[in-house]
Amino acid sequence: MAGYFLMNKDKIVAEFSRIGEDYDPRYELGRVYGTLPIGFREINRWLGNRNAARGRRHLKRLIRRCIDNSMEGIIKVTHCISINDIYWIKERDRVEVMNCLIQGHARRLLI
């Protein structure tokens, strides 16, 4: 079972896990540590809304080249980053810190 953290900048906001089978992956929200994003009602809906490529043809093609267009692949490649806020997804067992990306993204939001 894959585990993830919902992050706000470098702070863990919540934990969630993948449940269900490969053909029908669903996610379940675990422990919440901080403030969830505005409009957050349910983890599966929120993740689905983070996939900017679904409505943009050129991004769809790019993502199709990199991944299989599953939610697992989208999380792995894009970390569900959005230009609208500073929430993102981090795999629980991943050591890499995306500090430079987050700081750059936060700076753009403040300008």
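Analyst: Helices, of at least four residues (H or I), and strands, of at least two (E), are taken here as DSSP runs and numbered from the N terminus. The model is a predicted one, and with that reading its chain has 4 helices and 4 strands.

User: In what pattern do these elements follow one another along the sequence?

Analyst: Read along the sequence, the pattern is β-β-β-α-α-α-β-α. Among contacts between residues at least 6 apart in sequence, 36% join residues at least 24 apart.

User: How should I read a pair of aromatic rings, and how many aromatic pairs are there?

Analyst: The general idea is that such a pair is described by the distance of the centres and the angle of the planes. Counted with centres within 6.5 Å, this structure has 4 aromatic pairs. One of them joins Tyr4 and Phe16, whose rings lie 5.2 Å apart centre to centre with 25° between the planes, and this pair is stacked. Because Tyr4 lies in strand β1 (residues 3–8) and Phe16 in strand β2 (residues 11–19), the pair ties together parts that are 12 residues apart in sequence.

User: Are Tyr4 and Phe16 buried or exposed, and which residues form one aromatic cluster with them?

Analyst: Both Tyr4 and Phe16 are buried, and together with Tyr27 they form one aromatic cluster.

User: What are the distance and angle for the rings of Phe40 and Trp46?

Analyst: Their centres are 6.1 Å apart and their planes stand at 50°, so this pair is tilted. Phe40 and Trp46 are both buried.

User: Which ring does the charged end of Arg92 sit over?

Analyst: The charged end of Arg92 sits over the ring of Phe5, at 5.6 Å from the centre of that ring.

User: Where is Arg50 placed, and why does Arg50 count as buried?

Analyst: Arg50 is found in the loop between α1 (43–49) and α2 (57–66). The cut-off for a buried residue is under 20% relative accessible area, and Arg50 counts as buried because its relative accessibility is 10%.

User: What does the side chain of Arg50 reach, and with which residues is Arg50 in contact?

Analyst: The side chain of Arg50 reaches the backbone oxygen of Tyr87 at 2.9 Å. Once its neighbours within four places in sequence are left aside, Arg50 is in contact with Cys80, Ile81, Ser82, Asp85 and Tyr87.

Note on methods: Residues are numbered from 1 along each chain as its sequence is written. This is a predicted model: local features need pLDDT of at least 70, side-chain atom pairs count only at pLDDT 80 or more; totals for chains, interfaces and linings use all residues. Side-chain values use heavy atoms; hydrogens and water are left out. Rings of Phe, Tyr and Trp (its six-membered ring) pair if their centres lie within 6.5 Å; planes under 30 degrees apart count as stacked, over 60 as edge-to-face and the rest as tilted. Buried means under 20% relative accessible area, exposed over 50%, partly exposed in between (1.4 Å probe, protein chains only). A charge sits over a ring if NZ of Lys or CZ of Arg is within 6 Å of the ring centre and within 35 degrees of the ring normal. A polar contact is a pair of N or O atoms within 3.5 Å; within protein, one must be able to donate a hydrogen and the other to accept it, and residues adjacent in sequence count only if both atoms are side-chain atoms. Contact means heavy atoms within 4.5 Å.
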